[in-house]
Amino acid sequence: MITRTRLAAGVCTLLAALAAGLAFPAGALAGEPTGQDAPKVDLVLDVSGSMRARDIDGRSRMAAAKQAFNEVLDATPEEVELGIRTLGANYPGDDRKTGCKDTAQLYPVGPLDRTEAKTAVATLSPTGWTPIGPALLKAAGDLDGGADSKRIVLISDGEDTCAPLDPCEVAREIAAKGIGLTIDTLGLVPTAKLSRQLSCIAEATGGTYTSVEHQDELTDRVNELVDRAADPVVTPVPAEGADRCAGAPTLKSGLYTDREEFGQQRWYRVDVRPGQELRASVSVAADRAVNPGYGVLMRAVTSKGREIVRGEAAGNGRTDVISTGLRYPKADSDDEDAPAEAVCLSVSHSFSAASGVKTTPGLPLELTVDVVDAPSQAGDVAAFGLGRGWWLLGVLILTGFLAGLVWGWLSRWRVAVWRTN
């Protein structure tokens, strides 16, 4: 078994991801980038009265959101068409029917004029209700068009106040339309109830939920989501992993998506011919509230059950996605007719659902598989030249031995000098 350092696993993941995005040969991919239409993002901001609370680094939630938006507008990629929608920004009264219609397009989705957008943001003041459901419906309309990448980023500090129009059901209706729209949610200093609602909205469309309590967290996360919209769109191919190696589906180079239940193990098979190298990575997303402290493990195993190599990573609740990867080079053979080796990939994670959170469906995972020509002398380079670790161990032993000899000689010399003096 080839042991892996976490650094090597991280580098493997990066290489596999780069290979997935840049190096797949034509015709060998599962999940090709589609179209060239400009990506669209609609930032939906809660401007209800509760945004006056001063609990984000000593500032009001509204002030923190404004600063975050200004920094995001400065950093938005040129190719992204961005808009801003508000909810609860205009009606200060007590009439529920009127308050639940209070959503407006502050800046239209389109080519970004940064000065004009910042001027519009500067006018906002915490005002009224929290009509999340109606705002999502309108935001979906803001993003009409043929863009391949369409994303709503919802930022709220309170749960919806316009039931029975359940925002979770609204998100499911949007997902059911098949328009490729993703909703990401951010909760400002969230309560447990708000976290559940925003997690549900994000889960319905394959988006992510993030809890935010500091200014820099808000800015960084919104920037990340806007940048993500600008990435080339690759459509993952659904793949249903098996509960054991024998029944696992055989995958070719490509990008795949699946769901994995809590405590479950998913298996996939990849054929690797002599002289080829398997590069694989997996990302598991926490699309709902989970307990802190978790990890993901990916193993390459022979058809007889012997582990070849593994990659693993751990998280502590600061991120909603955790990834790892591995490499397995298969030595070349003089036999041109040598058969391919069926390598089984096992994926497992240690996420656990928080109290009261639904455990089904399973957590979404993305699996990248790439089979390429192996580097020269690829007998065992899964740890980037460290082989099975013996070479490194030998160097450490030799270095320690030589250091001991030198230290001993210096000590004897110093004692001899001391006696002479």
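**The disulfides, one by one**

Reply: Let's start with Cys-162, which counts as buried because its relative accessible area is 5%, and buried means under 20% here. Bear in mind that this is a predicted model, so everything below is computed from its coordinates. Cys-100 is buried as well, at 14% relative accessibility. These two cysteines are bonded to each other, with 2.0 Å between their sulfur atoms. The link between Cys-100 and Cys-162 is left-handed, with -100° about the S-S bond. As for what gets tied together: Cys-100 sits in the loop between α3 (96–99) and β3 (103–110), while Cys-162 sits in the loop between β4 (150–156) and α6 (167–176), so the bond connects parts that lie 62 residues apart in sequence.

That's one of 3 disulfides in the structure. Next up is the bond from Cys-168 to Cys-200, with an S to S distance of 2.4 Å. You'll want the cut-off for that one: a pair of cysteine sulfurs counts as a disulfide within 2.5 Å. Here the partners are in helices: Cys-168 belongs to α6 and Cys-200 to α7 (residues 192–205), so this pair ties together parts 32 residues apart in sequence. Both Cys-168 and Cys-200 are buried.

The remaining bond joins Cys-245 to Cys-344, S to S 1.7 Å. Cys-245 is in the loop between β7 (237–238) and β8 (254–260), and Cys-344 is in strand β14 (residues 341–349); this pair links distant parts of the chain, 99 residues apart. Cys-344 is buried, at 0% relative accessible area, and Cys-245 is buried too, at 14%.

If you count bonded cysteines along the chain, the pattern reads 1-2, 3-4, 5-6.

Notes
Residues are numbered from 1 along each chain as its sequence is written. This is a predicted model: local features need pLDDT of at least 70, side-chain atom pairs count only at pLDDT 80 or more; totals for chains, interfaces and linings use all residues. Side-chain values use heavy atoms; hydrogens and water are left out. Helices (H or I, at least four residues) and strands (E, at least two) are DSSP runs, numbered from the N terminus. Buried means under 20% relative accessible area, exposed over 50%, partly exposed in between (1.4 Å probe, protein chains only).
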